[in-house]
Amino acid sequence: MTKTIGEWLAGKDIFVTGCTGFIGKGLVEKLLRATDVNKIYVLIRRKLNLSAKQRFQQLTQHMMYERLRRERPDAFNKVVVVEGNAADKGLGISDEDKQELINNVSIIFHAAACVRFDDPLSNAILLNVRGTRDLLEIVKSMKKLECFQYVSTTFCNCNLNLSKIEEKVYIQDYDWSALIAAAEKDDILINILEKKILAKHPNTYTLCKSLAEMVINDYKENLPIVIYRPSVVVGSVKEPEPGWLDNYNGPVGVTLGVSSGVLRVFRGNPNAYLDYVCVDYVFNGMIVTAWLTSKMTTKELSVYNCAYGDLAAVTFAEVVENGVLVNHELPLNNDIWYPFLIVCDNTYYYHFLFYILQFLPGLLIDLMLLVLRKEPLLTKLNVKIYNAGAALHYFSSRIITFDNTKYKAVFDKVPPEEKEIYYMYPKKEEISSLEFMLLFQKGLKKYLLNEKEADLEKFRAKHWRLYYIDRATKLFLLIGVFWFCMNSVLSLINVIL
């Protein structure tokens, strides 16, 4: 009889890298709360004056684990912290810990990665590419291994300019082993050559993810390996709590910038959309595809594009339209200006608007702060906003589509009794794009800004004050422009007469 997902996981020892990241946190919480695994080994690096175990203890106090602490208060006893660093040779794991992993682990979720777009190429290679290779070297000795899952990204092959990125490994132009050797030997030189090496890749992250997939492809023989590619990962729909967020990356940073009145111009195509996926769909899909991989009898390397663009596409124009309603309903504690956003893709128009609506107002406010002997903030912030916009422009100016045929087929393979546990399918009747943005905003306020619901009416009052100030300012400027134009016309008429 075929085992259910829960039966397959029961009593197993699992190794998770990237457990301090967004996806990794959600995955570990789900495994501890919803399954009967035996142990979860987590790779955590020492940071500043904190050991790996101390960092994990801090992590367990986060509010995202409230439900787990309530439902399974002893669950963290199943976690074994392995001190190491995916950017170090051999992942920085001691020989003793390595042998314990080899003897016990049945399932590996390799989610460790640096998701920064501007990470120096040498760092990205050592963490994303060498780290994957070195983990696979350990994996080759594991006798109990039933699944090794590599968490990639759907955007790792966007440099190929394909009409649709398929669920397969694409071979890139570079030799991954040569690049690892170069990064180990001379990180300064490889960083100098970064632009040439990147070629058509938008950043070091997508390049190194594609190289890591090539590593996987070269190690696939006689190993139960699967590549899992999420698109842009955003807040949760249900688990561990509705609207849960963990970082300011990607669309979260844009949302915060707009809602706080700082970001007013965004460079992108209003008719384009960004393929996004809720984090709870991601970690549920990771568990289900790992289960399917353990059951496979063929040696084929499975690749799943965890993409939802064909199921829930929302254009940037729709995001702006919904954003107005969201900020009326759930405004942030905004002291700067009434939130609005102009999306444009024309380079000259964008720079004109950025200068008029972002740079000059920020400069004036900073000059006022200097007069008041306070630290200027907005000019530096606008530089960061401009650089972030430049990094995101590649993705916001075009539609990149993904073939998700294999991934969608997985929905129907989940045992009927577990479909509610490992949900992956966004039913349109469950939540609209506007409702999701409201959920998203709630998560931003709760998990990242620590804003209290009790203060919402105060924030709404401030929001509407800013609204009337914004409208009055625009009316004043319009009258001023009209007055200037009328005087100019009258002066010209007087000269002619």
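Mentor: A pocket is an open set of grid points with protein on both sides within 12 Å along at least five of seven lines. Its volume is the space filled by probe spheres set on those points. The model here is predicted.

Trainee: What volume does the second largest pocket have, and which residues lie nearest its centre?

Mentor: The volume of the second largest pocket is about 740 Å³. Its lining consists of 34 residues, and Pro251, Val254, Thr255, Val319 and Met437 lie nearest the centre. Helices H11 (251-259), H13 (316-329), H15 (378-396) and H17 (433-448) are the elements that give two or more residues to this lining. H13 provides the largest share, seven residues.

Trainee: What makes a space a cavity and not a pocket?

Mentor: A 1.4 Å probe fits at the points of a cavity but cannot get out, whereas a pocket is open. The structure holds three cavities of 30 Å³ or more. The largest cavity contains about 70 Å³ of space.

Trainee: Which residues line the largest cavity, and which helix gives the most to the lining?

Mentor: The residues are Gly261, Val262, Arg264, Ile336, Leu357, Gln358, Pro361, Gly362, Ile365, Leu378 and Asn382. H14 gives the most, with five residues. Helix H14 (347-371) and H15 each supply at least two. By class, the lining has six nonpolar, four polar and one charged residues.

Trainee: Why is glutamine 149 called buried?

Mentor: The cut-off for buried is under 20% relative accessible area. Glutamine 149 has 0% relative accessibility, so it counts as buried. The residue lies in strand S5 (residues 147-151). Apart from residues up to four places away in sequence, glutamine 149 touches Ile108, Phe109, His110, Val226, Tyr228, Met286, Thr289 and Ala290.

Trainee: How do you know that the side chains of glutamine 149 and threonine 289 form a polar contact?

Mentor: The limit for a pair of N or O atoms is 3.5 Å, and one atom must be able to donate a hydrogen and the other to accept it. The contact between these two side chains is 3.1 Å.

Trainee: Is serine 231 buried or exposed, and why?

Mentor: Serine 231 has 5% relative accessibility, so it counts as buried. The residue lies in the loop between strand S6 (225-230) and strand S7 (232-234). A polar contact of 2.9 Å joins its side chain to that of aspartate 275. Beyond residues up to four places away in sequence, serine 231 touches Thr154, Phe155, Asp275, Tyr276, Val277, Cys306 and Ala307.

Trainee: Why is arginine 373 called exposed?

Mentor: Exposed means over 50% relative accessible area. Arginine 373 has 80% relative accessibility, so it counts as exposed. Its place is in the loop between H14 and H15.

Trainee: What is omega for the peptide bond that joins glutamate 239 and proline 240?

Mentor: Omega is about -5°, and the bond is cis. Proline 240 is placed in the loop between S7 and H11.

Trainee: Which residues does the UniProt annotation "transmembrane region" cover?

Mentor: The unreviewed UniProt entry gives residues 348-372 and 475-496. In the model, residues 348-372 are 96% helix and 0% strand, with the end C-alpha atoms 35 Å apart. Residues 475-496 are 100% helix and 0% strand, with the end C-alpha atoms 31 Å apart.

Technical notes: Residues numbered from 1 in each chain as written. Heavy atoms only, no water. Helix = DSSP H or I, 4+ residues; strand = E, 2+ residues; numbered from the N terminus. Buried < 20%, exposed > 50% of the residue type's maximum accessible area, 1.4 Å probe, protein only. Contact = heavy atoms within 4.5 Å. 1 Å grid on protein atoms, 1.4 Å probe; cavity = no way out; pocket = protein on both sides within 12 Å on 5 of 7 lines; lining within 4 Å. UniProt positions renumbered as here; feature names shortened; annotations may be inferred. Nonpolar A, V, L, I, M, F, W, Y, C, P; charged D, E, K, R; others polar.
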